[in-house]
Amino acid sequence: MEATADDLLSFKEFPLIEETSGSSAQININSPQRTTASSAVETHDDPATQGDSSSKPASILSFKYYQQFFDVDTMTVVDRIATAMVPKRAPANYLKLNIASNPDLYGPVWIVLTLIFTIAISGNMASYLQSTGNHHWRYSYHLVSYSATAIILYTVLVPTALWAILRWSAKPVDLDIEEDAPRSPSLLSLICVYGYSLAIYIPVSVLWTVQVSLIQWLLVITGAFLSSFALLTVLIPAIKKSRYSLFIVLAIELAHFVLAAGFMLYFFHAPETEAPVETLTKASSVASVVVNTTMQSKKM
């Protein structure tokens, strides 16, 4: 049957067909396969529809959990070291705005490790200077373990005790007080602050090798005063909320002074001069000769 002119000029509807052959292809936009694929892509890209694996907190046994405590830049570490060595450098709300919002362990860990080896090396140098002329002097490797034990225990136990005391002796909270009132600091914040407070003893430990007792004690007083004063400047807003704020301040200062004095006396201080062995031997021989002579004269 031949097509007429009306059939050729009339409009007809043709279904949209997907072509898989040839250089070009057409895609049916209404196909269910594309709808399913697009919905899957949107679901994958939408963070609200992702699984709960990314929102779960990291386990304490995982590396990711401890990674957050070392997320700090160089300028922040330098600023916290300077604040721990210079009194009155920190503002009144430094603990809440700077430390509590991002307490780090990067700076304290490096300061503690550096101080351990600095004290051990400088202590052996001081021992060498004290025994000048003694050819049997040897390096004492035990100073590394001794200094590590003292520093690590101080950095962990003292902030832990302070954290417990501040929480136990906290004054009752008044609801009428402003919301910006300082809260009790966390244990991690206190360990961070105490770790940075030891930075001043790194240069002081090198100067302790000078074998002059007056200079060594002046360094003890200077280091303990600057470090404890800067530490109290940061902690004083939280200490004021305790019922025993005065005793806590005295305890912090005393602990810092005892630490500095213990470092100097054990690792650097020259022992009291004793009489040489040869002199004692000669004195004992002379005394024995005198006694023998006296005994013989009495027999005669």
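**The nonpolar patch and what lies behind it**

Mentor: Ile165, Trp168, Tyr244, Leu246, Phe247 and Leu250 make a nonpolar surface patch of about 680 Å². Two or more of its residues come from H7, and two or more from H11. H11 gives the most, with 3 residues. This is a predicted model, where local features need pLDDT of at least 70, side-chain atom pairs count only at pLDDT 80 or more, and totals for chains, interfaces and linings use all residues. Residues are numbered from 1 along each chain as its sequence is written, and side-chain values use heavy atoms, with hydrogens and water left out.

Some terms come next. Patch residues have over 30% relative accessible area and no salt bridge; nonpolar side chains (Val, Leu, Ile, Met, Phe, Trp, Tyr) are joined within 5 Å, like charges within 9 Å. Accessible areas come from the Shrake-Rupley method with a 1.4 Å probe, and for residues only the protein chains shown count as cover. Helices are DSSP runs (H or I, at least four residues), numbered from the N terminus, while strands are E runs of at least two.

Tyrosine 244 sits in the loop between H10 and H11. Its relative accessibility is 35%, so it counts as partly exposed. Tryptophan 168 counts as exposed because its value is 60%. The cut-offs are under 20% for buried and over 50% for exposed, with partly exposed in between (1.4 Å probe, protein chains only).

Now the rings. There are 10 aromatic pairs (Phe, Tyr or Trp rings, the six-membered one for Trp, with centres within 6.5 Å; planes under 30 degrees apart are stacked, over 60 edge-to-face, the rest tilted). Tyrosine 154 and tyrosine 194 pair edge-to-face, at 6.1 Å centre to centre and 65° between the planes. Tyrosine 154 belongs to helix H7 and tyrosine 194 to helix H8, so this pair ties together parts 40 residues apart in sequence. Both tyrosine 154 and tyrosine 194 are buried. Elsewhere, ring pairs join Tyr146, Tyr201, Trp208, Phe263, Tyr266, Phe267 and Phe268 into a cluster.

The largest nonpolar core has 50 residues, and Ile151, Leu162, Leu198, Tyr201, Trp208, Leu235 and Ile252 touch the most other members. Elements giving two or more residues to this core include helix H7 (142-168), helix H8 (187-197) and helix H11 (245-268). H11 gives the most here, with 10 residues. Such a core is a set of buried Ala, Val, Leu, Ile, Met, Phe, Trp, Tyr and Cys residues joined through side-chain atoms within 4.5 Å. In soluble globular proteins, nonpolar side chains tend to be buried together.

Leucine 162 shows the packing. Leaving aside residues up to four places away in sequence, leucine 162 touches Leu190, Tyr194, Leu235, Ile248 and Ile252. Contact means heavy atoms within 4.5 Å. Helix H8 is largely enclosed by the rest of the structure, because 9 of its 11 residues are buried. Among them are Leu190 and Tyr194.

The structure holds 2 of them (a side-chain nitrogen of Lys or Arg within 4 Å of a carboxyl oxygen of Asp or Glu). In one, arginine 80 meets aspartate 104 at 2.3 Å, N to O.
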